[in-house]
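Subject: Structure for your review

Dear colleague,

Please find below the structure that I am handing over to you. I would be grateful if you could read it alongside the notes that come after it.

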Amino acid sequence: MVAYNDLTEEEKDLIPTSPKDSSVEMVTINEEIKDFIDCNYAKDQVYQVVFHHTAPGSSGSLVVFIALDKKTVVGESFIE
């Protein structure tokens, strides 16, 4: 719920049903996602929360990155 609660109202409106339409996995910060992660975050892994089929005007998804403490949002992006 940390990821969902951090969304703006506009971003919440993109989620068609509920935050349950998401997936979570721990990922290593790589070249593909590092630009979306807070530069002050010093760990090499994050939780990636994907809200499926939520990107405006596409079939992409809104992604929120959560620190390993499971409380701090350290980034956000849209993926295809």
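Predicted model: local features only at pLDDT ≥ 70, side-chain atom pairs only at ≥ 80, totals over all residues.

Residues are numbered from 1 along each chain as its sequence is written, and side-chain values use heavy atoms, with hydrogens and water left out.

Overall make-up

The protein has 2 helices and 4 strands, where helices (H or I, at least four residues) and strands (E, at least two) are DSSP runs numbered from the N terminus. Their order from the N terminus is α-α-β-β-β-β. Of the 80 residues, 35% are buried (buried means under 20% relative accessible area, exposed over 50%, partly exposed in between, with a 1.4 Å probe and protein chains only). The protein exposes about 5,200 Å², and carbon and sulfur atoms supply 49% of that area (Shrake-Rupley method, 1.4 Å probe).

The sheet

The 4 strands form an open sheet in the order β1-β2-β3-β4, with antiparallel pairing; two strands pair if DSSP finds at least two bridges between them. The edge strands are β1 (22-28) and β4, each of which pairs on one side only. On average, neighbouring strands of this sheet are turned by 25° against each other, direction ignored (axes are lines fitted to C-alpha atoms, and angles run from 0 to 180 degrees between N-to-C directions).

β1 and β2 are joined by 7 bridges, and Thr 28 has Gln 45 in β2 as its bridge partner. β2 and β3 pair over 5 bridges, with Phe 51 opposite Leu 62 in β3. β3 and β4 (residues 73-79) pair over 6 bridges, and Ser 61 stands opposite Ile 79 in β4. These last two strands form a hairpin with 6 residues between them, and Lys 70 in the turn has a positive phi of about 65°.

Strand β3 (residues 61-66) is mostly covered, with 6 of its 6 residues buried. Ser 61, Val 63 and Phe 65 point one way from β3, whereas Leu 62, Val 64 and Ile 66 point the other way. In a regular strand the side chains alternate between the two faces of the sheet.

Gln 48

Gln 48 lies in strand β2 (residues 45-51). Gln 48 counts as buried because its relative accessibility is 14%. Not counting residues up to four places away in sequence, Gln 48 touches Ser 23, Val 24, Glu 25, Val 27, Val 63, Val 64 and Phe 65 (contact means heavy atoms within 4.5 Å).

Yours sincerely
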